[in-house]
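Here's a quick briefing to read alongside the model. Have the chain open and follow along.

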Amino acid sequence: QVQFVESGGGLVQPGGSLRLSCAASGSIFRIYAMGWYRQAPGKQRELVATITSGLITNYADSVKGRFTISRDNAKNTVYLQMNSLKPEDTAVYYCNGDKITGYNSWGQGTQVTVSS
């Protein structure tokens, strides 16, 4: 079964940037949509960005213009470039496939902390 391992998080100041990586243990070619999610303490997990097999992207309003999701099927990796980070972006970030074609158990995620 495919496993997703998130990496790239860290502590950054407001306005800074991070690039998150989601490495899959197997092929993601057949997964229709991959997504990045985030969950802050005491909050529900929320969908941040998605990218389809046709490279169509969608973003939560809160991150539009600041985050960019990309997908490299050859490398079995999904990325999330995060610019102009805000304290409100602080959360554990996870990746996963859509429920129909690519869902797997949630991994450990990667912590993003935006603080001065």
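**A buried loop residue and its surroundings**

Once neighbours within four places in sequence are set aside, Ile28 is in contact with Phe4, Arg71, Asp72, Asn73, Asn76, Thr77 and Val78 (contact means heavy atoms within 4.5 Å). This is a predicted model, where local features need pLDDT of at least 70, side-chain atom pairs count only at pLDDT 80 or more, and totals for chains, interfaces and linings use all residues. Residues are numbered from 1 along each chain as its sequence is written, and side-chain values use heavy atoms, with hydrogens and water left out.

**Ile28**
- Ile28 sits in the loop between E3 and E4 (strands, E, are DSSP runs of at least two residues, numbered from the N terminus).
- Ile28 counts as buried because its relative accessibility is 1% (buried means under 20% relative accessible area, with a 1.4 Å probe and protein chains only).
- From Ile28 to Tyr79 it's 51 residues in sequence and 13 Å in space, C-alpha to C-alpha.

**The disulfide**
- Searching the whole structure turns up one disulfide (a pair of cysteine sulfur atoms within 2.5 Å).
- That disulfide joins Cys22 to Cys95, with an S to S distance of 1.8 Å.
- The pair ties together distant parts of the chain, 73 residues apart: Cys22 is in strand E3 (residues 18-24) and Cys95 in strand E9 (residues 91-97).
- The torsion about the S-S bond of Cys22 and Cys95 is about 70°, so the disulfide is right-handed.
- Both Cys22 and Cys95 are buried.

**The sheet**
- Four strands make an open sheet in the order E1-E3-E8-E7, with antiparallel pairing (two strands pair if DSSP finds at least two bridges between them).
- Strand E1 (4-7) and strand E7 (67-72) are the edge strands, each pairing on one side only.
- From one strand to the next, the twist averages 15° (axes are lines fitted to C-alpha atoms, and angles run from 0 to 180 degrees between N-to-C directions).
- E3 pairs with strand E8 (residues 77-82) in the antiparallel sense over six bridges.
- Ala23 has Thr77 as its bridge partner in E8.

**The core**
- The largest nonpolar core has 28 residues, and those touching the most other members are Phe4, Trp36, Phe67, Ile69, Leu80, Met82 and Tyr93 (such a core is a set of buried Ala, Val, Leu, Ile, Met, Phe, Trp, Tyr and Cys residues joined through side-chain atoms within 4.5 Å).
- E3 supplies the largest share of this core, four residues.

Terms used
Buried means under 20% relative accessible area, exposed over 50%, partly exposed in between (1.4 Å probe, protein chains only).
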